[in-house]
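Subject: Structure handover and notes

Hello,

Here is the structure I said I would pass on. Please open it next to the notes below.

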Amino acid sequence: SNAREKLGLLAGYTGYSTLLLGEGFCEMAVDQSPIMSRQQMFAGAEAHFDRAIQLAQAVGNQNLRNMALVGRARVRLNQGNAEGAYADASTIPQGFAWHSEYSTVNGIRENRLFNMNRLNRFLSVEPNAYYNLTVGGEPDTRVPVLDSGLNGHDGVTRHYFQNKYPTPATHIRMASWYEAQLIMAEARPDEAVAALNRLRAAQDLPAYTGTGSLDDVLEERRRQLFLEGHRLNDMLRHNIPFPSGVNHKGQPY
C-alpha cells in the first residue's frame with residue numbers, strides 16, 4: 001500500500017511536469033524521445049494523471065486523487081475536451097488545495113518568488129496590471145500587491161511587492177478547488193456565473209454581476225490564480241495579445 005501510494009505521488013508529479021512542459025514550449029523531446037508537440041505532451045500528461053488517480057483510489061488517498069483530478073482537468077482544458085475537464089473539476093470538494101512546499105532548511109528549498117521579488121528585488125510586480133485592483137468597489141484580496149516605497153536595481157524604477165508569498169517558506173498552490181471552479185466556468189459557459197459566484201462567496205468578495213463571458217472568466221483566472229503559474233498558458237490558449245509598444249520606462253517590449 002505504501003509503495004502504491006508513492007508510485008501514485010510520482011505519477012501525479014510526473015503528470016504536472018509533463019503538463020507544464022506542454023504549456024510552456026511549442027515542441028520538446030523527453031527522455032531522448034522524438035520531437036513532440038504540445039498536444040502530444042498533454043496526452044502523455046493525461047496518461048500519468050490516469051495512473052495517479054488509479055493508484056490513489058487503490059490506497060484510499062483522496063487528497064492525492066483530487067490533486068491528480070485537477071491536473072487532468074487542466075490537461076483536458078488544454079486539449080479542448082471541455083466536458084472531460086468539467087467532469088473532473090466538478091468532483092473537487094470546496095476547501096481542497098495541494099501545495100508545492102517551501103522551507104528555509106536550505107537555500108534551494110526557499111520560495112524563489114519571495115526571494116526574487118521581496119528579498120533581492122530582482123523582479124517587480126507590474127503595477128499597471130496588478131496594483132490596487134478592486135472588485136465590486138472593494139480591494140481584491142486575491143491580488144495582494146504593495147508599493148514597497150523602494151526603487152528596483154536600476155535605482156529609479158519604483159518596486160512593487162507581491163504579498164501572496166510573504167516569507168521564503170510560504171507554500172505555493174499547485175491544485176485547488178478555486179482552479180477547479182474556474183475550469184468548470186470555462187468548460188460550461190452557461191454555468192460560469194454560478195461558478196464565479198461560488199468563488200467570490202468563499203472569499204467574502206462582492207458577487208459577480210456579469211454575464212459569464214469568456215473574457216470575464218479569464219480575468220477571474222488572472223486574479224484568482226495570480227502567481228500560481230497559469231497566465232502565460234492562458235494567453236497562449238486564447239491568443240490574448242502580449243504587451244506591445246513601450247513599457248513604463250519607455251523601453252520597447
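Predicted model: local features only at pLDDT ≥ 70, side-chain atom pairs only at ≥ 80, totals over all residues.

Residues are numbered from 1 along each chain as its sequence is written, and side-chain values use heavy atoms, with hydrogens and water left out.

Helix packing

Two packed helices are described by the angle between their axes and the distance between the axes. Helices (H or I, at least four residues) and strands (E, at least two) are DSSP runs, numbered from the N terminus. Axes are lines fitted to C-alpha atoms, for helices over the stretch in contact, and angles run from 0 to 180 degrees between N-to-C directions.

Start with helix α2 (residues 38-59) and helix α3 (residues 62-78): their axes cross at roughly 160° and come within 9 Å. That makes α2 roughly antiparallel to α3; angles over 145 degrees count as roughly antiparallel, under 35 as roughly parallel, 65 to 115 as roughly perpendicular and the rest as oblique. The crossing of α2 and α3 is left-handed, a term used if the near helix is turned anticlockwise from the far one by less than a right angle (right-handed if clockwise). Contact means heavy atoms within 4.5 Å. The residues that make this contact include Phe-42, Phe-49 and Ile-53 of α2, and Leu-64, Leu-69 and Val-75 of α3. By class, the contact of α2 with α3 has ten nonpolar, four polar and five charged residues. Here Ala, Val, Leu, Ile, Met, Phe, Trp, Tyr, Cys and Pro count as nonpolar, Asp, Glu, Lys and Arg as charged, and the others, Gly among them, as polar.

Helix α4 (residues 82-89) packs with helix α7 (residues 177-187) at an angle of about 150°, and their axes are 9 Å apart. α4 and α7 are therefore roughly antiparallel to each other, and their crossing is left-handed. On the α4 side are Ala-82, Ala-85, Tyr-86 and Ala-89, which meet Ala-180, Ile-183, Met-184 and Ala-187 in α7. This contact of α4 with α7 has eight nonpolar residues, no polar and no charged ones.

The axes of α8 and α9 are 11 Å apart, with an angle of about 20°. That makes α8 roughly parallel to α9. Their crossing is left-handed. Ala-192, Leu-196, Leu-199 and Arg-200 in α8 meet Val-217, Glu-220 and Gln-224 in α9. The residues of this contact divide into four nonpolar, one polar and two charged.

Burial

How many of the eleven residues of α7 are buried? Ten are, so α7 is largely enclosed by the rest of the structure. Buried means under 20% relative accessible area, exposed over 50%, and partly exposed in between (1.4 Å probe, protein chains only). Among the buried residues of α7 are Trp-177, Glu-179 and Leu-182. The buried residues of α7 pack against α3, α4, β8 (172-176), α8 (192-202), α9 and α10 (231-237).

In α9, the buried residues include Val-217, Leu-218 and Arg-222. Arg-222 has a relative accessible area of 13%. Not counting residues up to four places away in sequence, Arg-222 touches Ala-129, Tyr-130, Leu-133 and Arg-231.

Aromatic rings

Rings of Phe, Tyr and Trp (its six-membered ring) pair if their centres lie within 6.5 Å; planes under 30 degrees apart count as stacked, over 60 as edge-to-face and the rest as tilted. By this rule the count comes to five aromatic pairs. In one of them, the rings of Tyr-16 and Phe-49 have their centres 5.2 Å apart and their planes at 85°, so the pair is edge-to-face. Tyr-16 lies in helix α1 (residues 2-24) and Phe-49 in helix α2, so the pair ties together parts that are 33 residues apart in sequence. Both Tyr-16 and Phe-49 are buried.

Positive phi

Most residues other than glycine have a negative phi. Leu-227, in the loop between α9 and α10, has a positive phi of about 60°. At 29% relative accessibility, Leu-227 counts as partly exposed. Asn-239, in the segment after α10, also has a positive phi, near 50°. Asn-239 is exposed, with a relative accessible area of 68%.

Regards
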